Amino acid sequence: MSLPLTRKSVDRSDKERFIFSFYCDCCGNEWTSRPMSFMTGGFSAIEHEEARQLVWTYEHKTAFEHANLDARIQFNFCMKCGRWVCGECYNTENNVCKVCLRKF
């Protein structure tokens, strides 16, 4: 599994769906991915516990990768410090976050 896009992220997944929250590296604003259902008809649809865990783990990893990619659309990359920040914390004229903008 790849590293989360932002420095802080929270896995809000359960046995039935996968949801991930990512937080702006500057102000902490939260963006939550769209829920993705556990595709096999629910956690209890698979009879054998070991098989159920393997399938859930695979689907969880795949859902995280999709959410991590979707987060790239929601956050902006600061060219100076490398933070991933929300629109409120990003200066489009200079392509930097508001922290780096203060240093100009």
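In this predicted model, Cys 97 is buried, with a relative accessible area of 0%. The sulfur of Cys 97 lies 3.7 Å from the closest cysteine sulfur, which belongs to Cys 100, and this distance is too far for a bond. A disulfide is a covalent bond between the sulfur atoms of two cysteines. For a pair to be counted here, the two sulfur atoms must lie within 2.5 Å, and by this rule the count comes to zero disulfides. Cys 27 is likewise in no disulfide, the nearest cysteine sulfur, that of Cys 89, being 3.5 Å away. Cys 27 is partly exposed, with a relative accessible area of 37%, whereas Cys 97, as noted, is buried.

The strands were examined next. An open sheet of three strands has the order β1-β3-β4, and the pairing within this sheet is antiparallel. The edge strands are β1 and β4, each of which pairs on one side only. On average, and with direction ignored, neighbouring strands of this sheet are turned by 20 degrees against each other. Helix α1 packs on the sheet, where α1 touches β1, β3 and β4, and the direction of α1 makes about 35 degrees with that of β3. Strands of a sheet pair through backbone hydrogen bonds, either parallel or antiparallel.

The pairings of β3 can be followed residue by residue. Four bridges join β1 to β3, and these two strands run antiparallel; within this pairing, the bridge partner of Lys 8 in β3 is Tyr 23. Three bridges join β3 to β4, which also run antiparallel. Tyr 23 stands opposite Glu 30 in β4, and Ser 21 stands opposite Thr 32 in β4. Strands β3 and β4 form a hairpin with six residues between them, and in the turn Gly 28 has a positive phi of about 90 degrees. Both faces of β3 are covered, given that Phe 20 and Phe 22 on one side and Ser 21 and Tyr 23 on the other are all buried.

Beyond the end of β4, Ser 33 is found in the loop between β4 and β5 (36-37). At 6% relative accessibility, Ser 33 counts as buried, the limit for this class being under 20%. When residues up to four places away in sequence are not counted, Ser 33 touches Ile 19, Phe 20 and Ala 67.

The buried nonpolar residues were then considered as a group. In soluble globular proteins, nonpolar side chains tend to be buried together. The largest nonpolar core of the model has 23 residues, and those with the most contacts inside it are Phe 18, Phe 20, Phe 22, Cys 24, Ala 71, Phe 75 and Val 85. The elements that give two or more residues to this core are β3 (20-23), α1 (49-74), β7 (84-85) and β9 (96-97). Among these elements, α1 gives the most to the core, with five residues.

Charged side chains were examined last. A salt bridge is counted when a side-chain nitrogen of Lys or Arg lies within 4 Å of a carboxyl oxygen of Asp or Glu, and by this rule the count comes to two salt bridges. In one of them, Glu 30 is joined to Arg 12, and the closest N and O atoms are 3.2 Å apart. Glu 30 lies in strand β4 (residues 30-32), while Arg 12 lies in the loop between β1 (8-11) and β2 (17-18), so the pair ties together parts that are 18 residues apart in sequence. Glu 30 is partly exposed, with a relative accessible area of 45%, and Arg 12 is also partly exposed, with a value of 39%.

Note on methods
Residues numbered from 1 in each chain as written. Predicted model: local features only at pLDDT ≥ 70, side-chain atom pairs only at ≥ 80, totals over all residues. Heavy atoms only, no water. Buried < 20%, exposed > 50% of the residue type's maximum accessible area, 1.4 Å probe, protein only. Core = buried A, V, L, I, M, F, W, Y, C linked by side-chain atoms within 4.5 Å. Pairing = 2+ DSSP bridges. Axes fitted to C-alpha atoms, helices over the stretch in contact; angles between N-to-C directions. Contact = heavy atoms within 4.5 Å.
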